[in-house]
Amino acid sequence: ARRLRSAPVTRPVVVSDSGPLIALAGCDSLELLVAVFEAIHVPRVVLDETTADRSRRGADGILAFVHAHAQVHAPRDDAIYVAAEAYLDEGEAQALSLAHALGCGVLIDERRGRQAALRQGLPVFGVLGVLLQAKRIDRIARIAPALDQMQANGYRISPALIDAALKLAGETG
């Protein structure tokens, strides 16, 4: 009798917006993106937004990470970008356009950007999901320390989302 092999676990491909890069860099966790995603694409404007001020915490780390692990893409000017640029910031609009062009998901935390991506049928990932998946695959033991550091760095995550993520991670008291 033939044995059925379990299908290999496929990791998604994403285009990253600025927020998740900044949040993960601030808690020295950018490498989790490589563990969670098959490939990471970054619009040039997102790289510029996150690294222009080299005195900002994490800027040098983002630059080094992107050069080592991501593909940077030139600015886009298609219909999706033009429509999104009317109500999203430049990086978010570029990320949505590029994700459409590549047929992949988008790593974005800002609410309007996530809503726009979902309306357009794009798979949406966020920094909390990255942390939860990293814990599932044993890349981190707990998500709480990273969440605490992100908040200490000024990254805004709603208390309800933090509570939900901690419950999913089995880290509530």
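Where is the place of D138 in this structure? D138 sits in the loop between α8 and α9, in a model that is predicted.

**Helix α8 and its cover**

- Helix α8 spans residues 127-136, and within this helix the residues V127, L128, V130, L131, L132 and A134 are buried.
- The buried residues of α8 are covered by elements from several parts of the chain, including the helices α1 (18-26), α2 (31-36), α9 (144-152) and α10 (159-168), together with the strand β4 (105-107).
- After α8 comes D138, a residue whose phi is positive and near 65°.

- Most residues other than glycine have a negative phi.
- D138 is not a glycine, and yet its phi is positive, at about 65°.
- D138 counts as exposed because its relative accessibility is 67%, and the cut-off for that word is a value over 50%.
- D28 is another residue other than glycine that has a positive phi, in this case near 50°, and its place is in the loop between α1 and α2.
- D28 also counts as exposed, because its relative accessibility is 61%.

- D109 is found in the loop between β4 and α7, the latter being the helix of residues 111-119.
- With a relative accessible area of 23%, D109 is described as partly exposed, because buried residues must have under 20% and exposed residues over 50%.
- When residues up to four places away in sequence are not counted, D109 touches P20, R114, G126, V127 and Y155; one of these, V127, is also among the buried residues of helix α8.
- D109 and I40 are 69 residues apart in sequence, and their C-alpha atoms are 16 Å apart in space.

Notes: Residues numbered from 1 in each chain as written. Predicted model: local features only at pLDDT ≥ 70, side-chain atom pairs only at ≥ 80, totals over all residues. Heavy atoms only, no water. Buried < 20%, exposed > 50% of the residue type's maximum accessible area, 1.4 Å probe, protein only. Helix = DSSP H or I, 4+ residues; strand = E, 2+ residues; numbered from the N terminus. Contact = heavy atoms within 4.5 Å.
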